[in-house]
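Please look over this structure with me before we discuss it. My notes follow the display, as numbered points.

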Amino acid sequence: MRAMKRGEIRIVVRFSAAVTWWHFAVYALVLFVAAFCVGRYSRGFTREASVAASVLTISSRAVPGLPPPKANPSDVIQVIIRGMEFLPAKLEIKAGDTVEWKNDDITPHTATCASFDSGSIAPDESWRHTFTAAEEIAYACTFHPGMKGVVSVK
Amino acid sequence: MFKPIALTLTAAALAAVTTARAQESSAAPNDAQIAMITVVADTVDIDAGKLAAEKSKNKEVKEFAETMVRDHTAVNAKATALAKKLNVTPEDSATSKSLKSGGDAQLAKMKSLSGAEFDKAYVDNEVSYHETVMGALDKTLIPNAKNAELKSLLESARPIFVQHLNHAKELQKTLPK
């Protein structure tokens, strides 16, 4: 090593084994992959979740030159189908929201009315519909006429 | 009042199980027998529903029959899967055998009918059948189920039968007397 100048501070790092640049490259790659997975995990390993997360993030930030972001971004609200019932039987949402019917029951069901028809929703499956107009919509299961629900859109 | 033989057999079979004076040594069915009764009860309704879906010319009766097939197939799938999981082999009993023969007799009778007569016979039987099965569920099958998961399955199947019964009753009102 060259001689030190007056006032100079030298820090020397010695490795106990032979370490090359390749080692650092591999560690960096491992860290990157780990960080990527952590990021994905916190968004729930789906592209949709990532896209949804990024859309929500984008929509909540003001961008110069564009109209300000909506004060209330649209939501996805669930109606659970269980025990031959729509839960809640009456759901209140705002225009632009999406309702997701999730079948937690033993048999297939539908969510049907004049303006929408889910078709058969198998147990464990879901179906979504976005409501754009303010109105009160009554719907029913076509397989079980006694099963009724209402979506009240404000 | 005319009561078809098939229905009497079914009612008698399920009634025998609910009273203390059953012909078998033990009046209360065990879990293996409960599993079989459930599967047979579902199968009887699936077979009747398949026949009605094929034969009926009435749109509402057809749709009701299709729902019976769809729903009872789903319950059967759950019951069978649970029995497999618990390593329980469904066991025949006097009750399950009576249910089966009652169902077969009813099926044979319905095959000889057609048109409005068929629809009426099918729907009338569905009302009585679901009433009888619900009674057995409440008085015998659920109270005697020892395994918690089996009990839970029977309890969660109950609302299905309630819906079916109400649906059948509404349908009954629309058919000519």
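The points below take the two chains in turn, then their contact, then some local details.

1. Start with the kind of model. This is a predicted model.

2. **Chain A, layout.** Chain A has two helices and seven strands. The order from the N terminus is α-α-β-β-β-β-β-β-β.

3. **Chain A, burial and surface.** Chain A has 154 residues, and 25% of them are buried. Its accessible surface is about 10,800 Å². Carbon and sulfur atoms supply 62% of that surface. Among the chain A contacts with a separation of 6 or more, 41% join residues 24 or more positions apart.

4. **Chain B, layout.** Chain B is built with six helices and zero strands. Its elements read α-α-α-α-α-α from the N terminus. Two of these helices return in point 10.

5. **Chain B, burial and surface.** Of 177 residues in chain B, 48% are buried. The accessible surface of chain B is about 8,800 Å², with 57% on carbon and sulfur atoms. For chain B contacts with a separation of 6 or more, the share between residues 24 or more positions apart is 83%.

6. **The interface.** How much area do chain A and chain B bury between them? The figure is about 1,000 Å², and 71% of it lies on carbon and sulfur atoms. Three residues of chain A lose the most area to chain B: A:M84, A:I106 and A:F143. Together they account for 54% of what the chain A side buries. The contact involves ten residues of chain A and 13 residues of chain B.

7. How many salt bridges does the rule find across the interface of chain A and chain B? The count is zero. Polar contact is found for two residue pairs across this interface, both at pLDDT 80 or more. On the chain A side, the residues touching chain B are six nonpolar, four polar and no charged.

8. **Backbone points in chain A.** Most residues other than glycine have a negative phi, and most peptide bonds are trans.
   - A:M84 is not a glycine, yet its phi is positive, about 60°. The residue sits in the loop between β1 (76-82) and β2 of chain A. A:M84 is buried, because its relative accessibility is 4% and the cut-off for buried is under 20%. A:M84 is also one of the chain A residues that lose the most area to chain B.
   - The peptide bond from A:L87 to A:P88 is cis, with omega near 5°. A:P88 lies in the loop between β2 (85-87) and β3 (90-93) of chain A.
   - A:D124 also has a positive phi, near 80°, and is a residue other than glycine. A:D124 belongs to the loop between β4 (98-103) and β5 (126-130) of chain A. Is A:D124 buried or exposed? A:D124 is exposed, with a relative accessible area of 59%.

9. **Salt bridges, chain A.** Side chains of opposite charge can pair when their charged atoms come close. Over all chains, the structure holds 14 salt bridges. In one of them, A:K102 meets A:D104 at 3.2 Å, N to O. A:D104 is partly exposed, at 31% relative accessibility.

10. **Salt bridges, chain B.** B:K120 and B:D124 form a salt bridge, with the closest N and O atoms 2.8 Å apart. These two residues are separated by about one helical turn, because they lie four residues apart in helix α5 (residues 115-144) of chain B. B:K120 is partly exposed at 31% relative accessibility, and B:D124 is partly exposed at 25%. B:E131 and B:K169 also meet in a salt bridge, at 3.7 Å, N to O. This pair links distant parts of the chain: B:E131 is in helix α5, B:K169 is in helix α6 (residues 148-174), and they are 38 residues apart. B:E131 is partly exposed at 41% relative accessibility. B:K169 is partly exposed too, with a relative accessible area of 34%.

11. **A network in chain A.** A:D75, A:K94 and A:D97 are joined into one network by salt bridges that share partners.

Definitions and conventions
Residues numbered from 1 in each chain as written. Chains lettered and ligands numbered in written order. Predicted model: local features only at pLDDT ≥ 70, side-chain atom pairs only at ≥ 80, totals over all residues. Heavy atoms only, no water. Buried < 20%, exposed > 50% of the residue type's maximum accessible area, 1.4 Å probe, protein only. Contact = heavy atoms within 4.5 Å. Areas by Shrake-Rupley, 256 points an atom, 1.4 Å probe, with all protein chains shown as cover. Buried area = accessible area lost by both parts, 1.4 Å probe. Salt bridge = Lys/Arg side-chain N within 4 Å of Asp/Glu carboxyl O. Polar contact = N/O pair within 3.5 Å; in protein donor to acceptor, adjacent residues only side chain to side chain. Nonpolar A, V, L, I, M, F, W, Y, C, P; charged D, E, K, R; others polar.
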